[in-house]
Amino acid sequence: MKKYLLVFGIGLFFVGCADKPMATNVVDLAGNKTIVGWNDSNNTNKCKPKVVIKEVVKYKPLKDSDGDGVPDIKDKCPNTPKNLAVDHNGCPIITTLRINFDFNKWNVKKIYYPEIKKVAEILKANPNLKIEVAGHTDNIGSYKYNLLLSQKRAQAVKNVLVKIYHINPKRIIAKGYGEKYPLVPNTTATNRALNRRVEIINITNWKRN
């Protein structure tokens, strides 16, 4: 999805009465020439001043060199191959884990270890690969609470990768985003379940903007 920079200007013109029709060549705030005037009513006694407002809206597309939907100025993983799912930073999503945690808990149940093991196998097969374990929540609870909870859950998944599957912790960043980046609107129980997730992000080529 392309993103745009919105540029707008408002030209405010006060038009008074005159004996003859007049027209003024005006350059507004957006640099657009317009002609402002009025019709001759042939009755100057009934002529009333009026205000003419002209608004010009322009959309300037932001550059997105790799076409991943994240503009270059925000893209921390440039030159992403086409048709790859990316996160809000433009970095490829390796996989999304659907892990159900108990209420107000962050320990990972063993039934989810096989899915985490697949991530460990990818890391072992690609020794230069670095990842971010990104935790996300739905919008139930306060923003601050969800941010903290998502961080604890992301860290819990990292701990499984490190302690159970012996991945070097230096290759993994655990980061909680709370409710900030939902996959879908939090309008139904099903949607909220989809938003409670952990994404494994490839940050090997991550750069600071």
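The largest pocket in this structure holds about 300 Å³ of space, and the model in which it was found is a predicted one. Of the 20 residues that line this pocket, F103, D138, L149, R153 and R196 are the closest to its centre. The second largest pocket has a volume of about 210 Å³.

**Largest pocket**
- Two or more residues of the lining come from each of the elements β6 (131–136), α2 (143–164) and β8 (197–202), and among the contributors α2 gives the most, with five residues.
- Sorted by class, the lining of the largest pocket consists of eight nonpolar, eight polar and four charged residues.

**Second largest pocket**
- The residues that line the second largest pocket are A85, V86, D87, H88, I93, H136, K180, Y181, P182, L183, R197 and E199.
- By class, six residues in the lining of the second largest pocket are nonpolar, two are polar and four are charged.

**Residue T137**
- T137 is found in the loop that runs between β6 and α2, and this residue counts as buried because its relative accessibility is 4%, under the 20% cut-off for that class.
- The side chain of T137 reaches the backbone nitrogen of E179 at a distance of 3.3 Å.
- When neighbours within four places in sequence are left aside, T137 is in contact with N146, S150, G178, E179, N195 and R196; of these partners, R196 is also listed among the residues closest to the centre of the largest pocket.

Methods
Residues numbered from 1 in each chain as written. Predicted model: local features only at pLDDT ≥ 70, side-chain atom pairs only at ≥ 80, totals over all residues. Heavy atoms only, no water. 1 Å grid on protein atoms, 1.4 Å probe; cavity = no way out; pocket = protein on both sides within 12 Å on 5 of 7 lines; lining within 4 Å. Points joined across faces, edges and corners; volume = space filled by probe spheres on them. Helix = DSSP H or I, 4+ residues; strand = E, 2+ residues; numbered from the N terminus. Nonpolar A, V, L, I, M, F, W, Y, C, P; charged D, E, K, R; others polar. Buried < 20%, exposed > 50% of the residue type's maximum accessible area, 1.4 Å probe, protein only. Polar contact = N/O pair within 3.5 Å; in protein donor to acceptor, adjacent residues only side chain to side chain. Contact = heavy atoms within 4.5 Å.
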